[in-house]
Amino acid sequence: MNASAITPARTGPTRAGWWLLLSALVLTTAIYSMGLSGAYLFDDYPNIVDNPSVQPHDASVSSLVRAALSSPASEFKRPLASLSFAANYLASGLDPYWMKLTNLVIHLLNGLLVFLLSQALIQVAVRKKAHSVVGASSGTEMPHDAGARTVGIIAALVAAGWMLLPINLTGVLYVVQRMESMANLFVLLGLIGYVAGRRRMLGMPVTLRSTPSLAPRRDLGWGSFSSSSQGFIFCLVSITIPAAVGILAKETAVMLPLYALLTEWILFGFQLPQDTATATASEAPPARRRDRRIIALFLLVLALPLVLGLAWLLPGIFNSEVWATRDFTLATRLFSESRIIVDYIVWTLLPTPAALSFYHDNFHISIGLLTPWTTLASIVFLGALIALTIWLRRRYPLAALGIALFLGSQLLTGTILPLELIYEHRNYFSSFGLLLAIIPLLAAPSRPTVGVASSAAAFPQSTEAVEQAPALWVATEAVLTDGTLPMALPRYVLLAGLMLCWTASTALTAHSWGNPLRLAEDLASRAPQSPRAQYELGRTYIINSHYDPTSPFTQLAYAPLERSAALPDASILPEQALIFMNSRMHLPLKDAWWTSMIAKLKARKPGVQDESSLVALTQCNREQHCDLPRDRMIDAFHAAILHPNPSARLFATYGDYAWNVLDDKNLGEQMFQQAIKGAPNEPAYQVTLVRMLVAQNRIADARTALERLQTLNIGGRLNETLTELHDLPGLR
């Protein structure tokens with residue numbers, strides 16, 4: 001029978017996935033709307049609230065350049081994310097509601113892209129299996145509304161689960177992690193483009209509704225380029241441009257070529273199109289050859305940058321000074337991350353409130369393979385996962401790809417870089433891999449006979465259709481479950497239970513995020529041994545006290561702050577908060593707070609939180625809100641800067657205190673000179689130095705410093721500042 005006689009109309013069943021996706025988008029919006037009214041948290045402050053550069057007065061080029069280069073989170077500045085914060089500020093000020101709403105929109109867009117990517121990956125896997133079952137006879141269309149419907153529903157379930165996963169909540173309601181969600185917007189776009197390009201190269205159709213023409217063809221749309229060449233160009237563009245743009249939001253977008261490589265290895269196999277011009281239905285298809293263009297592509301965009309990147313990174317990685325501010329070494333970090341990655345799997349699939357506590361600074365570092373014993377067990381488990389991925393590659397390709405994407409996504413943040421050990425938002429992409437591995441297995445149809453009945457009912461006039469439909473259903477089920485999970489009801493119940501668990505957990509957590517006090521109390525109860533969680537609870541009580549000694553919140557603040565200060569590996573944040581609070585309220589300052597703070601500064605090189613504490617005390621003293629004992633403050637600064645290679649920020653803070661509080665002009669200037677030496681590309685320190693020199697009537701020196709500052713005026717970002725400096729007495 002002619003193929004056109006048996007081709008089904010494009011009707012309702014294939015829309016089921018889209019309707020399910022729309023429902024998931026609405027549900028996700030409703031749940032996250034409960035958390036939009038919350039406040040800023042943790043790293044939101046240095047990146048947004050306390051960063052005047054992302055709070056521009058206008059949208060001039062100089063203001064936007066200044067905003068783009070203002071992020072303290074990375075040497076690469078993450079300009080795209082910073083510009084988005086500046087755009088939010090121009091539209092609605094610092095109101096966190098609109099910042100979080102923007103994050104939610106990005107998350108929903110990512111959910112749509114996860115659906116499209118999942119659908120494309122499943123279609124490739126099913127089509128690949130279908131041709132091994134049905135054969136590659138040309139000119140035959142395969143009717144399978146039920147198969148297409150199944151693929152759409154499973155893809156929508158993956159997207160729905162991903163959008164509702166509790167571990168992804170911080171990518172939405174934690175404002176600064178727009179960096180992560182925005183970067184992954186481009187990662188997902190790039191992967192969708194790569195899969196589409198490879199399907200075009202191999203002559204695969206966009207949907208399951210038609211038989212591919214496996215021989216390369218020539219299209220009119222791109223002139224003289226063959227379909228295969230067009231697809232290759234699309235692959236090249238898809239894993240380079242989105243990665244380059246995504247890196248401007250966060251460096252995690254650099255992983256896009258690796259994800260494409262894993263997809264290629266498992267689903268496409270580096271294959272050239274199979275020439276079926278001389279093949280018949282009874283003949284075995286010829287063996288495929290490797291596509292050298294694809295191999296060369298990954299050598300160019302992945303292998304070469306990897307070698308260059310390691311050559312740049314490794315000298316610093318093996319420098320002990322790089323690890324001085326951390327409480328772990330390279331070796332103990334690698335040991336610890338093996339446990340953390342296993343924890344991520346559990347936290348993603350079976351989350352508990354204690355696991356997803358946001359603050360994980362109470363994690364016990366692995367100091368050896370058996371200290372604790374779970375280190376070795378985790379390494380063995382991860383090794384088994386890698387072996388399982390290789391074994392699953394041909395038997396369960398989607399499960400293999402999901403595991404590979406999860407493990408691959410951990411290579412950047414979970415290996416040799418001296419980053420903090422744990423953050424939940426690092427699983428924003430990797431959680432997709434886990435869901436791709438399990439949801440198709442749980443949601444797959446169980447019996448091909450259902451597909452036969454459906455096809456027969458839809459096309460009773462076509463015996464050929466009824467004969468061919470079971471083959472596609474066998475292929476669909478084979479690629480998803482390979483016939484090893486025939487019990488549909490238990491699988492569906494388990495999947496429904498997981499979905500319900502994820503939805504309820506995210507809803508409860510989002511509700512807590514909607515109120516700063518409720519959130520602080522919730523996170524402190526989830527992580528009672530976390531210094532940061534206890535400190536944040538005390539800090540929230542202080543904010544609610546409005547520095548009123550008679551407020552009930554004042555008394556509530558002491559217990560969590562003192563508990564935080566006493567916990568192992570705590571920074572000086574809790575001591576700083578206690579000193580700050582009592583000084584603002586003109587209450588006595590305990591000697592124990594100063595003693596503890598100075599002892600911690602002596603014991604280890606100050607970290608970012610320690611430096612922020614000294615900044616807060618200096619600012620409070622300078623603005624005359626606090627009256628702090630000078631000898632104690634000097635002891636604290638001396639303890640901090642006596643460690644090797646103090647940071648530029650620490651020198652600048654001490655310079656600020658010396659100049660404005662001690663009235664020691666020489667010391668203040670010396671400290672800022674040291675800050676400039678440590679961070680020559682940071683204009684803020686040079687601006688302050690120019691003002692100091694003018695204040696001392698050292699005009700010639702001020703002009704020299706001003707000339708150095710002008711070299712940093714990239715894109716006019718310092719135009720306003722330079723104008724103000726030129727208007728100072730003696731510089732006009």
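Q: Where does threonine 413 sit, and is threonine 413 buried or exposed?

A: Keep in mind that this is a predicted model. Threonine 413 belongs to helix H16. Residues under 20% relative accessible area count as buried. Threonine 413 comes in at 11%, so it is buried. Skip its neighbours within four places in sequence, and threonine 413 is in contact with Arg333, Glu337, Leu419 and Arg426.

Q: How do helix H12 and helix H16 pack, and at what angle?

A: Start with the general idea: for two packed helices, you give the angle between their axes and the distance between the axes. Here, H12 (residues 256-268) and H16 (residues 397-413) pack at about 155°, and their axes are 10 Å apart. Angles over 145 degrees count as roughly antiparallel, so that is the label for H12 and H16. Their crossing is right-handed.

Q: Which residues of H12 and H16 meet?

A: On the H12 side, look for Leu258, Tyr259, Leu262, Thr263, Ile266 and Leu267. Their partners in H16 include Ala400, Leu401, Ala404 and Leu405.

Q: What about lysine 100: which side chain of opposite charge is nearest?

A: That's aspartate 44, 6.0 Å away. A salt bridge needs the charged atoms within 4 Å, and lysine 100 has none, even though it is buried. You'll find lysine 100 in helix H6 (residues 96-134). Beyond its close sequence neighbours, within four places, lysine 100 is in contact with several residues, among them Gly35, Leu36, Val172 and Trp513.

Q: Now the backbone. What is the phi of phenylalanine 358, and what is the phi of asparagine 645?

A: Phenylalanine 358 has a positive phi of about 70°, although it is not a glycine. Asparagine 645 isn't a glycine either, and its phi is positive too, near 50°. Now check where they are. Phenylalanine 358 lies in the loop between H14 and H15, while asparagine 645 lies in the loop between helix H27 (630-641) and helix H28 (648-660). Phenylalanine 358 is buried, at 7% relative accessible area, whereas asparagine 645 is exposed, at 52%.

Q: Is the peptide bond from threonine 371 to proline 372 cis or trans?

A: To tell, read omega: for this bond it is near 0°, and the bond is cis. Proline 372 is in the loop between helix H14 (330-349) and helix H15 (374-395).

Q: Last one: what does alanine 679 touch?

A: Ala648 and Tyr685, if you don't count residues up to four places away in sequence. Alanine 679 is in the loop between helix H29 (665-678) and helix H30 (683-695).

Note on methods:
Residues numbered from 1 in each chain as written. Predicted model: local features only at pLDDT ≥ 70, side-chain atom pairs only at ≥ 80, totals over all residues. Heavy atoms only, no water. Helix = DSSP H or I, 4+ residues; strand = E, 2+ residues; numbered from the N terminus. Contact = heavy atoms within 4.5 Å. Buried < 20%, exposed > 50% of the residue type's maximum accessible area, 1.4 Å probe, protein only. Lys, Arg positive; Asp, Glu negative; His and termini not counted. Axes fitted to C-alpha atoms, helices over the stretch in contact; angles between N-to-C directions. Parallel < 35°, antiparallel > 145°, perpendicular 65-115°, else oblique. Left-handed = near helix turned anticlockwise from the far one by under 90°.
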